[in-house]
Amino acid sequence: MVSPRTVRSLKRGLNRNALAKVGIVVVVIVLLVAVFAPLVAPDKPGTQNLEEARLPPLGFTKATVQEVPVQENGSVVFEDGEILTENRTVYENATIAHPLGTDGNGRDILSRLIYGARVSLLVGFLGTALAMFVGVSVGLVAGYYRGKVDDVLMRSADVMLAFPSIVLAIALIGVLGDSLEQSIPDPFVQSGLSEAVRSAIGLPTGMPETTTLPGTIIVVVALVNWVWFARVARGEALSLREQSYVKAARALGASDAKILARHVLPNAITPILVLGTIQIAAIILLESALSFLGFSSANVSWGFDIALGRQYQSTAWWIAAMPGLAIVITVVGLNLVGDWLRDALDPGIEGEGGV
């Protein structure tokens with residue numbers, strides 16, 4: 001499906017677009033961090049230490065006003081039989097053990113971001129793959145057969161588009177419940193590799209043995225986003241079904257399924273792949289919104305951590321800001337990659353981000 005000409009176009013587009021290189025670096029780093037989370041996370045994401053709650057990130061200091069006893073010459077001062085107190089500003093500095101600070105329960109924010117990347121990327125990639133499978137199948141059939149088949153399938157897609165994505169997603173979650181949630185064993189922990197590596201470099205051991213796979217969220221975001229793939233695939237199928245090689249295959253007796261699989265789909269794959277890259281970013285945003293609202297079963301997620309930081313906005317802004325920044329960086333990186341693929345694979349569209 002990927003011709004040498006396409007590969008040359010991708011290389012040429014990458015050489016001309018510095019922002020695309022930045023996007024690829026960002027995406028690769030996020031992927032590697034998520035995959036090797038048990039090896040690179042500074043601490044266990046669920047470890048609580050209330051004595052270190054709300055520590056600021058490196059480079060910042062948190063000031064709190066505390067009521068402390070008044071002392072003179074090392075002795076506590078009494079007044080009318082009671083200890084005399086005064087308000088004093090106490091400064092807390094960041095520690096190298098928690099470079100991005102800690103949350104309200106003393107959990108390391110960097111570790112939670114690393115493990116949260118796993119959930120967001122799993123939902124983004126698996127949700128996009130499922131949406132692509134459903135949408136492309138529906139779109140190709142609708143565009144190839146046209147007529148009543150096209151009307152029924154695409155009017156169904158129009159009904160889906162009539163609802164706001166977040167509202168439709170919440171409604172589907174209510175229907176599906178949490179029956180699709182799964183726990184995936186972590187191969188690094190199960191094999192003992194993470195324990196050996198972390199012990200050798202002096203990091204805490206006992207990392208989580210499983211990763212929560214929010215199956216309901218994956219299915220829901222796929223059902224919400226399949227219509228975009230269907231519309232693109234339908235448009236390509238309408239154009240390709242009139243090509244001479246498709247007519248020749250039909251004249252030679254090839255079945256419709258064979259024509260769709262061997263002739264229509266390979267020639268329609270370019271815009272579908274470009275859309276898929278962009279949809280990964282959109283699905284990550286939707287998953288974060290659902291986690292923020294409390295509809296995800298994953299207790300280590302970027303959206304979930306933003307929700308936890310709402311009550312500390314005025315005193316510990318970093319609890320919500322750090323996962324929000326992680327979402328922004330990841331989504332921008334994916335969009336830059338999508339822009340590069342669009343510019344390189346579709347000569348009819350001139351990109352605006354080239355440098």
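Trp318, at 3% relative accessibility, counts as buried. Phe60 joins Trp317 and Trp318 in a cluster linked by ring pairs.

## Basis of the values

The model is predicted: local features need pLDDT of at least 70 and side-chain atom pairs pLDDT 80 or more, while totals for chains, interfaces and linings use all residues. Residues are numbered from 1 along each chain as its sequence is written, and side-chain values use heavy atoms, leaving out hydrogens and water.

## Aromatic pairs

Four aromatic pairs are found in a search of the whole structure. In one of them, the ring centres of Tyr144 and Tyr145 lie 5.2 Å apart with planes at 90°, so the pair is edge-to-face (rings of Phe, Tyr and Trp, the last by its six-membered ring, pair with centres within 6.5 Å; planes under 30 degrees apart are stacked, over 60 edge-to-face, the rest tilted). Tyr144 is buried at 3% relative accessibility, whereas Tyr145 is partly exposed at 40%.

Trp317 and Trp318 also make an edge-to-face pair, at 5.6 Å centre to centre and 80° between the planes.

## Helix 1

Arg12 belongs to helix 1, residues 4-16 (helices are DSSP runs of H or I, at least four residues, numbered from the N terminus). With 41% relative accessibility, Arg12 is partly exposed.

Technical notes:
Helices (H or I, at least four residues) and strands (E, at least two) are DSSP runs, numbered from the N terminus. Buried means under 20% relative accessible area, exposed over 50%, partly exposed in between (1.4 Å probe, protein chains only).
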